[in-house]
Every structure is written in C-alpha cells, then in structure tokens.
Amino acid sequence: MNTVTQSTVRKRTQKSGKSSLGLKPAVAPAIDEMRYKMIAEAAYLLAQQRGFADGHAIKDWLKAEARIDAILTSINAWR
C-alpha cells in the first residue's frame with residue numbers, strides 16, 4: 001500500500017505541476033515526500049493503538065491522511 005500511495009502522490013504532482021498544497025514544482029516533490037512520511041507515521045500509530053489488528057490498514061491510512069492534511073492546511077493558512 002505504501003508504494004502505491006507514494007506513486008499516486010508523485011503522479012498527481014507531476015500531472016498538475018503542484019503539490020497537494022499548491023506549492024511550486026521545485027518545492028513540491030520534497031513537500032509531498034514529507035507529507036507521505038507524516039501520513040505513514042500517523043497511520044502506524046493508529047494501527048499500534050489497535051494492537052495491529054488485521055483489516056484496518058486502508059482505514060488507518062485514510063484517517064491519518066485526513067488528519068495530516070488538516071494540520072498542513074491550517075499551517076498553510078497562517079502564511
């Protein structure tokens with residue numbers, strides 16, 4: 001799942017020329033990589049809280065993605 005998600009992030013950035021946060025192309029790949037790592041860490045922590053029970057990986061990833069995007073959007077609003 002991680003490889004597919006990271007690939008999807010890269011494709012979106014390449015297609016639009018901007019990151020998911022609307023940043024310039026020179027900065028976008030680094031920002032998207034940091035975002036991906038933050039989501040992965042948050043998803044891992046969610047899984048850990050559940051005792052790594054099977055069948056929740058996608059749910060954990062989507063929940064983590066929503067949380068990280070909300071944080072990054074709020075930070076971006078301060079600029």
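**A tour of helix 2 and helix 3**

Start by selecting residues 28–49, which form helix 2, and residues 57–77, which form helix 3: their axes come within 8 Å and cross at roughly 130°. The axes here are lines fitted to C-alpha atoms, for helices over the stretch in contact, with angles running from 0 to 180 degrees between N-to-C directions. Helices (H or I, at least four residues) and strands (E, at least two) are DSSP runs, numbered from the N terminus.

You are looking at a predicted model, in which local features need pLDDT of at least 70 and side-chain atom pairs count only at pLDDT 80 or more, while totals for chains, interfaces and linings use all residues. Residue numbers run from 1 along each chain as its sequence is written, and side-chain values use heavy atoms, with hydrogens and water left out.

Helix 2 and helix 3 are oblique to each other, the term for angles that are not under 35 degrees (roughly parallel), over 145 (roughly antiparallel) or 65 to 115 (roughly perpendicular). Their crossing is right-handed: the near helix is turned clockwise from the far one by less than a right angle.

Next, show the side chains where the two helices meet. On helix 2, pick out Arg35, Tyr36, Met38, Ile39, Ala40, Ala42, Ala43, Leu46 and Ala47; on helix 3, Asp60, Trp61, Lys63, Ala64, Glu65, Arg67, Ile68, Asp69 and Leu72. Contact means heavy atoms within 4.5 Å.

Which residues make up the largest nonpolar core? Select Tyr36, Ile39, Ala42, Ala43, Leu46, Trp61, Ala64, Ile68 and Leu72, nine residues in all. Helix 2 gives the largest share of this core, five residues. Such a core is a set of buried Ala, Val, Leu, Ile, Met, Phe, Trp, Tyr and Cys residues joined through side-chain atoms within 4.5 Å. Buried means under 20% relative accessible area, exposed over 50%, and partly exposed in between (1.4 Å probe, protein chains only).

Zoom in on Ala43. Leaving aside residues up to four places away in sequence, Ala43 touches Asp60, Trp61 and Ala64.

Then move to Leu45, also in helix 2. Leu45 counts as partly exposed because its relative accessibility is 38%. From Leu45, draw a line to Asp60: the C-alpha atoms are 8.9 Å apart in space, and the residues are 15 apart in sequence.

Finally, zoom out to the whole protein. How many helices and strands does the protein have? There are three helices and zero strands, in the pattern α-α-α along the sequence. Of its 79 residues, 27% count as buried.
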